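User: Could you walk me through how to read the features of a model like this one? I would like the general idea each time, then the case at hand.

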Amino acid sequence: MSSVQTSPTTTIKRLSWKTARALPASIATPSYDRSRVVPGIVHLGVGAFHRAHQAAYVDDCLAAGETGWGITGVSLRSADTRDALTPQDGLYTLAIRSSGQEKLRVIGSIGSMLVAPEDPSAVLAALTDPRSRIVTLTITEKAYLRAAGGGLDVAHPDIVHDLANPELPKTAHGFLTESLARRRAAGVPPFTVLCCDNLSANGATLHRLLTEFAELRDARLDVKSDAGIAGHIAHQVAFPSSMVDRIVPATTDTDRARIAEELGVEDAWPVMTEPFCQWVIEDNFPQGRPAWEQFGVTMVSDVRPFEDMKLRLLNGAHSAIAYLGLLGGHVTVDRAFADPAIRAFVDALWAEAIPTLPRNAGLDTASYTAELAERFSNTALAHRTAQIANDGSQKLPQRIVASALECLEAGTRPEHLTLVIAAWIAACEARGKTLPESHFADPLDVPLAALFGRGLPTGETVESVFDLAGFAKGEPGRGKLMDLTTAHLEQLRRGRPAAAFATLRI
């Protein structure tokens with residue numbers, strides 16, 4: 001299919017391998033022969049971020065002649081991406097936008113798309129294929145199905161299902177474990193599992209969760225862990241950690257229309273992004289990898305210092321801008337960051353968080369925050385505060401709570417960090433009142449709604465939210481964090497962020 005019928009008399013051509021050859025010369029297109037590309041990477045979670053980040057890096061490698069690393073994309077839930085890209089031969093437009101210009105590039109690294117709920121057997125076949133040597137993941141934090149304490153949520157219905165039905169998995173845990181078991185039985189070396197989600201020590205975290213899942217599976221089969229698949233995963237499968245960074249706002253119909261006009265053909269799902277792009281990866285790939293370092297990827301022995309800087313300075317500031325921006329009536333990041341009070345708050349937040357970062361790790365925080373300020377000011381992206389606000393209970397522990405606890409350990413007061421926690425609570429509480437009911441979502445929405453409906457005093461609200469989210473559980477500084485958060489939430493409940501800012505003298 002290479003065209004879309006828009007009316008009984010008008011047909012607009014669709015982006016495809018055929019139509020890409022006739023695009024304007026100003027638009028970059030794949031320079032390699034896609035028929036020679038062999039699938040070497042399976043990616044779980046083919047959302048906009050993957051298509052703006054990892055798929056673009058792989059596209060560079062394919063163009064350099066590394067044709068053994070094509071991507072097989074897998075959607076674990078929705079068929080939307082498959083339905084948009086398959087009629088386009090997997091091609092899509094990456095729009096790289098800054099305040100002054102936009103550059104378009106067609107990406108061709110995704111060779112095929114699978115939808116797990118429709119055909120789990122096809123996904124397992126792709127994962128078991130000996131040519132698949134790397135499995136990458138961008139499935140969002142909540143899809144790792146962690147309990148409040150950080151371990152696997154063994155009571156989650158999808159985990160229960162996958163343990164009982166290993167050949168028909170629903171979760172990443174089930175697909176990875178079953179395919180690794182099949183590869184082991186067939187004498188095929190295990191693939192490397194490369195997590196690209198914003199989890200602290202993401203490779204080690206996924207390794208631990210998957211081993212825990214495999215131990216439960218072995219127990220159902222009455223197999224000792226060391227002899228079963230759990231031992232294989234624990235000792236024979238590589239899980240390098242990585243850190244990813246690129247702002248990717250949601251694509252709008254206006255974006256689609258503008259890009260279709262520039263291309264001269266329709267693209268059902270182009271992706272918007274910024275010029276900045278960063279990927280730091282621990283170099284542990286027993287079955288080989290693309291030469292990513294030739295295209296700007298930083299290969300390291302330990303990703304943690306870079307990860308901490310990104311989580312605490314970029315992601316932490318993003319959460320602050322999102323929740324304070326929503327409470328202040330700002331729809332996009334650039335508009336919120338242009339608010340002098342929020343801009344000053346972010347500077348102060350960075351000043352609190354920077355001392356918690358690893359020293360002597362070669363981190364240039366001054367240059368990094370200056371670059372972040374420029375990125376947050378990018379008016380072309382229109383990155384919605386409501387989009388960033390999603391899943392706060394899963395994101396804040398790594399972005400904010402960890403820094404706040406380290407501040408307390410060092411003898412400093414995390415005033416700005418705890419205001420972010422309070423702003424998240426206030427924004428959740430404001431939905432259905434001063435904010436639209438479904439403006440953003442959180443895995444704890446049901447218990448949070450019940451909690452807010454009880455009309456508790458502020459201190460009891462904060463303590464109950466900390467209990468629900470597992471914030472600082474078992475940490476000696478937990479009580480102090482709750483006290484600081486309570487004081488901020490009191491101010492936010494009385495008015496907009498200006499009341500809380502006044503107490504910080506910013």
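User: How many disulfides does the count come to?

Analyst: Let's begin with the ground rules. This is a predicted model, in which local features need pLDDT of at least 70 and side-chain atom pairs count only at pLDDT 80 or more, while totals for chains, interfaces and linings use all residues. Residues are numbered from 1 along each chain as its sequence is written, and side-chain values use heavy atoms, with hydrogens and water left out. Now the general idea: a disulfide is a covalent bond between the sulfur atoms of two cysteines. The rule here asks for a pair of cysteine sulfur atoms within 2.5 Å, and the count comes to zero disulfides. C61, for example, is in no disulfide, and its nearest cysteine sulfur, that of C277, is 12 Å away. C196 is in no disulfide either, with the sulfur of C195 as the nearest one at 6.6 Å.

User: Why is C61 described as buried, and why C196?

Analyst: Burial is read from relative accessible area: under 20% is buried, over 50% is exposed, and partly exposed lies in between, using a 1.4 Å probe and protein chains only. C61 is buried because its relative accessible area is 1%, and C196 is buried because its value is 2%. For a contrast, take G264, which counts as exposed because its relative accessible area is 54%.

User: Where is the place of G264?

Analyst: Secondary structure comes from DSSP runs: helices are H or I with at least four residues, strands are E with at least two, and both are numbered from the N terminus. G264 is in the loop between helix 10 (253-263) and strand 11 (271-273).

User: What does helix 5 pack against?

Analyst: Packing is read from contacts, meaning heavy atoms within 4.5 Å. The buried residues of helix 5 (residues 120-128) are P120, V123, L124, A126, L127 and T128. They pack against strand 3 (39-44), strand 4 (70-75), strand 7 (110-115), strand 8 (134-137) and helix 7. On the helix 7 side, look at S179: leaving aside neighbours within four places in sequence, it is in contact with L124, L127, T128 and F191.

User: Is S179 buried or exposed, and what does its side chain reach?

Analyst: S179 is buried, at 0% relative accessibility. A polar contact is a pair of N or O atoms within 3.5 Å; within protein, one must be able to donate a hydrogen and the other to accept it, and residues adjacent in sequence count only if both atoms are side-chain atoms. The side chain of S179 reaches the backbone oxygen of F175 at 2.8 Å. Now turn to T485 in helix 20 (residues 478-494), also at 0% relative accessibility and therefore buried. A polar atom of its side chain lies 2.8 Å from the backbone oxygen of L481. Not counting residues up to four places away in sequence, T485 touches T418, I421, A422, I425, V462 and F466.

User: How many aromatic pairs does the structure hold?

Analyst: A pair of aromatic rings is described by the distance of the centres and the angle of the planes. Rings of Phe, Tyr and Trp (its six-membered ring) pair if their centres lie within 6.5 Å; planes under 30 degrees apart count as stacked, over 60 as edge-to-face and the rest as tilted. The structure holds nine such pairs. One of them, W350 with F376, is stacked, at 6.4 Å centre to centre and 25° between the planes. This pair links distant parts of the chain, with W350 in helix 13 (residues 340-353) and F376 in helix 14 (residues 365-376), 26 residues apart. Both W350 and F376 are buried.
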